[in-house]
Amino acid sequence: MTNREGRFNCNADRFRMPIVLMAVMSAILLCACAQAPARDVPILDVPLTVREAEGVRRAGNPINSGVPLPQGVVHQTDELRVLDGRGNVVLASIEPRARWIGDESLKWVTVHFVAPDLDADGEQQYRLVKSTADLPASPLRAEYGADGRTVVVETGPARFVIPADRLGPFEQVYVRADAARGFEDDDAMLTEPATVELVARNGQSRIVPREGGGPNRAEVARVDDEPFTQQATLESAEIEESGPGRAVVALKGTFSTDENKSLDVTARLYFYAGSSTAQMTFSVRNRQMDGFEHFVGIERLAVNTPLRTDGAVKARFSADGEAAERDGLPARLAQTGWNSFTLTADGAEPLEGEQSNGWVELASPAGRLVAGSRWFWQNYPTGLSVEPGGTVAVEVKGAAGDRVDLYTGGAKTHFLFFHFDRGETAEPEGIAAGTTHPLFAACEPAWYCQETKVFGNLVSADPELYQPEHRDLVRRVQEHIDAWIGQIIEQRPRTNWGVNEYGWLNFGSGLSSRSRVFETAEESWWDSNYYDFPHAALVNFLRTGDLINLTTAEEAGLHLADIDICHSFPGRPAWTGAPRSGPVIGHFRNYGRGQVFMGHASFTFYKNESLYELYYLTGERWYRDIGLMSSDFAMRRWGQGALRNLAHGIWGVLSAYHHTHDEKYLDRARFFVDEWGKPWQDRGDGSFQDQMWMYGLALEAYDKYFRITGDKDTARYLVKAVDVLLEEGGGGMINLVGFGLAYEYTGDEKYLERGLNQATRFAAGEPGRRSRTKDFAQHFRASPYFFTYLTRGYEPDPVLPAEEE
């Protein structure tokens, strides 16, 4: 097989030379100034920058960040080291996430370590280098308990005992003041094991006509009279990663019982060398029911941690950017709207506010616990509480809010943290921010783009890279992109719409339009991350380095993984991994077909690329797990339909092929291209005979396939389709990449000129007037690739000489 991933090296020598020189220079500097410098001169040197952007002094925050690598440079992670700004080797785990097709060299790794304290608005510099320098000794150990019922993780200052038969998450936590001695009973932080508790009612809805006409609406037909309370049992407890800097323990099980079917659960616990903080990714999903219209009505879902206290206790809560202290217990904070919380405590007047950043601190002379969750107010209703006996509860579904009905096939993921210490002076907000607003070790945009080509033939937005006559065009288009994603974020409250884009099921998706907003969020129409909006946001992050794009992609990517993909498909288990429709009503109902509860077993609304990409950038395995589930759906189902279906099917399986290198996914893509796409064009003399705006999607998919296989026949069919666009017009920015590809394949400047005209018309508009996620994805998931052909010194290297076209 011919692998064409690295073939088109847009001015590669010019782009790569500075990195080579920088590596040599930095090697000299590192040897001169390091306290414990790497012994080997690095031949790979990737600058990483950590910036504090929340105005909070950080205390021992974990770093979990993806770093791409050029093909052929590194094959094993033990060849790599992270160095700090002085050249010292950092105690870090470096995990492989993806490999290049062909030579199996590393394509993506993630680095995991604890950053030193960082001042508000401060910055830290690191480098990922190729080196065999000795790592600092690591205190991190993860092992299965001798009793067979626990997993034990020691980090240095802390020892975490995790039950393997039930979802704890902690049987006990020990924190010692003196690392030179062993752990003792007196180091125990908990009075009893932590628990995870679900309070819920099962129910079923039905579809009824809406008074006055319009789309049908849903109403609850049946719900349990009394709620049930469950704690999850585990089917497996596995140490998934155990490196020098980070260990990961995966827990999988279910809350369901014979009496009450409910939710399955996947939790991952993250531990760091030298840290007494544990992070937790906590996902629940409804795949036990036998109909899409059935739901688990969640009234409370919480992690309860009974902290040992002694003497005077102090509770503090995040409240509108401040630490609100309460002495009287119980004390409870309930976030019941995106801009409304209430803090109550024994003996104190209630405090009304807008937003909590989602952390609570309980401290006494016996020790301290700081705990909470990310996207706390955005995922309302949520809660935090401290009981008189010292139990701290992080409610990912708050008891004080309305019931949340999680319908069949749906899931929900939360990121939590638990920090234990013996009364250190670090402020709780500086600890909490490590999860609520995580730090990220970012590469330069050039490294994400043209230096490594991990996203294909993508070039960063640096104006100096482009031909002088095109810089203004590139700048104006970039202004549109940045303004658009800014509007998506700014408009989430949807003032005067009656429904906002925050809340337990809403956050991470976007409303379809104001005309499709009805009585409630459950009756309104949502875009369901159509055309893979998070992927488009990630493309902009890589080109610009603006972290708001990465955060937005994470938010949307979780919704895609949890809600916009079916985790079960009643009656058709082979269709698990199918998408929801787009738009989708209330996240679980089809916008057509009578507005019933259903999945959508075609490729019309199918997407998963961003899930793999987020896994590469963060190391969060939930994204990868659901990405593979989605890709496997396309292995079992041929979701024919409009032209976009062809594109979505090809993307969906090629994403899995890039990750796994399993030929079955490439064979499936080949089937879609050769047995679906090409015959379609043959029937239309090169035309797909479908809506012109969909052509760009298919052209992007053809190119992805061509880059892997080098199949010139596919390249010819792509050019045929672009010729149809030239003759018949139409398409807009979604087709821009197609004109660039035809220029690259053939060297014919007529394609470049058409693309320039299209981009110029778009750039002439006023930026910042749109806020729909679906439209952003259509416009910008591929169009930035066109600007590669406007870089200084670019010359096409045609793969289809004129006589072959």
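**Exercise 1. How many aromatic pairs does the structure hold?**

Solution. The model is a predicted one. Counting ring pairs whose centres lie within 6.5 Å gives 49 aromatic pairs.

Step 1. One of these pairs joins Phe160 and Phe420, with 6.3 Å centre to centre and 65° between the planes. Planes over 60 degrees apart count as edge-to-face, and the Phe160–Phe420 pair is classed that way.

Step 2. Phe160 belongs to strand 9 (residues 158-163) and Phe420 to strand 29; they are 260 residues apart, so the pair links distant parts of the chain.

**Exercise 2. Describe the geometry and setting of the pair Trp484 and Phe776.**

Solution. Step 1. The ring centres of Trp484 and Phe776 are 6.1 Å apart and their planes make 80°, an edge-to-face arrangement.

Step 3. Trp484 and Phe776 are both buried.

**Exercise 3. Which residues do ring pairs link into a cluster?**

Solution. The cluster consists of Phe603, Tyr606, Phe633, Trp638, Phe671, Phe672 and Trp676.

**Exercise 4. Why is helix 2 described as largely enclosed by the rest of the structure?**

Solution. Step 1. Apply the burial cut-off, under 20% relative accessible area, to helix 2, residues 428-436. The residues that pass are Pro428, Gly430, Ile431, Ala432, Ala433, Gly434, Thr435 and Thr436.

Step 1. Eight of the nine residues in helix 2 are therefore buried, which is the reason for calling the helix largely enclosed.

Step 2. Identify the cover. The elements over the buried residues of helix 2 include strand 2 (62-68), strand 17 (277-285), strand 19 (314-319), strand 24 (359-364), strand 25 (367-373) and strand 29 (411-421). Strand 29 also carries Phe420 of Exercise 1.

**Exercise 5. Compare the radius of gyration of the protein chain with that of a compact globule.**

Solution. Step 1. For 805 residues, a compact globule would have a radius of gyration near 28 Å.

Step 1. The protein chain has 27 Å, which agrees with the globule value. Along the principal axes, its C-alpha atoms fill a box of roughly 85 × 80 × 50 Å.

Step 2. Of the 805 residues, 63% are buried. Among contacts between residues at least 6 apart in sequence, 69% join residues at least 24 apart.

Step 3. Complete the description with the secondary structure: the chain has 15 helices and 33 strands.

Definitions and conventions. Residues numbered from 1 in each chain as written. Predicted model: local features only at pLDDT ≥ 70, side-chain atom pairs only at ≥ 80, totals over all residues. Heavy atoms only, no water. Helix = DSSP H or I, 4+ residues; strand = E, 2+ residues; numbered from the N terminus. Rg over C-alpha atoms; globule rule 2.2 N^0.38 Å. Buried < 20%, exposed > 50% of the residue type's maximum accessible area, 1.4 Å probe, protein only. Contact = heavy atoms within 4.5 Å. Phe/Tyr/Trp six-rings, centres within 6.5 Å; stacked < 30°, edge-to-face > 60°.
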